[in-house]
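Trainee: I would like to go through the terms used for this model and see what each one rests on. Where do we begin?

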Amino acid sequence: MSKKLEQRIMEKKIDDLIKKQKDFFGSGKTLNISYRKECLKAFDRTIKKYEDEIYLALKVDLKKHAVEAFGADLLPIKTDLKFLIKNLNFLTKAQKVGTPLFIQPGSAKIQPHPYGVCAIISPFNYPFDLSFTPAAGAIAAGNTVILKPSEFTPRCTALIKKIVSETFDEGLFSILEGGPEEARYLTSQNLDYIFFTGSSQVGKKVMEQAAQNLTPISLELGGKNPCIVDKDADLNISAQRIAWAKIFNAGQSCVVPDFVYVQQDIKHEFIAYLKKAFKHQLPSFDPNEDYARIVNKHHFQRILSLFNKEEVLYGGRSNPMERVIEPTILCINNWDHPAMKEEIFGPVIPILEYENIDTLMKFLNSKPRPLALYYFSSSKRKQEKVIKNACAGGISINDTMAHIQNRKLPFGGVGNSGMGYYHGEFTFRNFTHYKAVQKRGWKEVPLKYPPYKGKFKLLKKILHILN
């Protein structure tokens, strides 16, 4: 089969899928709150049914331990589904607002309404959470969903398709398999909303595609997330929490600390604690059932190319057959180093030093805005200063990746790290258009109609009194 024919078949498949979903949305079925709730309940039941297969799929594709699989892929979606089912009536309820006197009698409200057909493009690192969490919010809001999972995790994608096809009408929720070509064609179509999770480079291309149809979009990207350790921090606990973040999923998280700035007075002491923490949490990186593998050969080689053995303070070993890289500490001096040129997205952690927190914050704010910033300090005054001044999507104080575990907080980037936010209630809001609705009674004040001669002063006086 020629490439042109394959391309036409792929495009026809996507065109048909979009039409089917537009027709389904146009039927008005998703506007029924009870229907949405039943869909979410069915979703929850099916996920529970296939829980053991989810653990196995994550093991096969990423060598994830069940603890990490449950904590990062299953628990978030279970938590959000429970919240959405319980609170859907409240979330979908119109909010009454006041009406100015000069357009009385009347009433006004803000009416939540779905966008329509939503495309969700999900990544490889947390295949179930980053696919199902936004999808659940989109369905709760009354939309239909076309989900394009990652081609890098084939076992997970196959199970995602199985779960979705068993639970949902294809007009409501369907899976699009494939790679970049399928994603590119999908996002170039006249959709009602696009939700993308991935790299900043690809995010820019998705935004360009969306702009052609003025499609609203959420971009959940990554970036170089700073981690700062002050000399008044508990260095032992700080090191344990930072090491855990780099070990978890082998550092393949968009919110993982990308590099660490340590106050120069305690740099060597902190590094000693960090080495100890890595050794304690991961006594052996190969083999180790607690430690995930790098997703593919390309990313494995990319991560290894970011450093050489002479720069390594700890770790640095790797196993190409298993695609595992030992947690690695690098001591570097500036941002000209290869590891500071791009998001690492792996178990490598450069250590830099700083002298003054105000100077450091000013410098970091001059860089592209990260998805997360981490600050370790016992000083509440300095904590609040960092919170107030940091330009970042989210902040965790004295911990790593803590803010994303609280589903009552919005999660999202700013600037180079993305736009839009979700988790819990915020996922529903992200996929909802809030319509302004104003009703009027039949009484009328002719003062507003032309001719205007002799009315200007009187109208200003009345409006001044009313306001």
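**Terms and their grounds**

Mentor: With a loop: Pro451 sits between strand 18 (432-440) and helix 15 (456-466). Helices (H or I, at least four residues) and strands (E, at least two) are DSSP runs numbered from the N terminus. The model is predicted, so local features need pLDDT of at least 70 and side-chain atom pairs pLDDT 80 or more, while totals for chains, interfaces and linings use all residues. Residues are numbered from 1 along each chain as its sequence is written, and side-chain values use heavy atoms, without hydrogens or water.

Trainee: What is the peptide bond from Pro450 to Pro451?

Mentor: That bond is cis, with omega near 5°. The bond from Gln104 to Pro105 is also cis, with omega near -5°; Pro105 lies in the loop between strand 1 (95-97) and strand 2 (106-114).

Trainee: Which residues of helix 2 meet helix 4?

Mentor: Among them are Ile33, Leu40, Phe43 and Ile47, and the helix 4 side includes Leu74, Ile77, Leu81 and Leu88; contact means heavy atoms within 4.5 Å.

Trainee: What makes Asn249 count as buried?

Mentor: Its relative accessibility is 0%, so Asn249 is buried (buried is under 20% relative accessible area, exposed over 50%, partly exposed in between, with a 1.4 Å probe and protein chains only). Asn249 also has a positive phi, near 55°, and lies in the loop between helix 9 (235-247) and strand 9 (259-263).

Trainee: How do you know that Asn398 is partly exposed?

Mentor: At 24%, Asn398 falls in the partly exposed class. Its phi is near 60°, a positive value in a residue other than glycine.

Trainee: Why does Lys148 count as buried?

Mentor: Lys148, in strand 4 (residues 144-148), has 3% relative accessibility and therefore counts as buried. A polar atom of the Lys148 side chain lies 3.0 Å from the backbone oxygen of Gly178. Beyond four places in sequence, contacts of Lys148 include Ile120, Ser122, Leu176 and Leu186.

Conventions:
A polar contact is a pair of N or O atoms within 3.5 Å; within protein, one must be able to donate a hydrogen and the other to accept it, and residues adjacent in sequence count only if both atoms are side-chain atoms.
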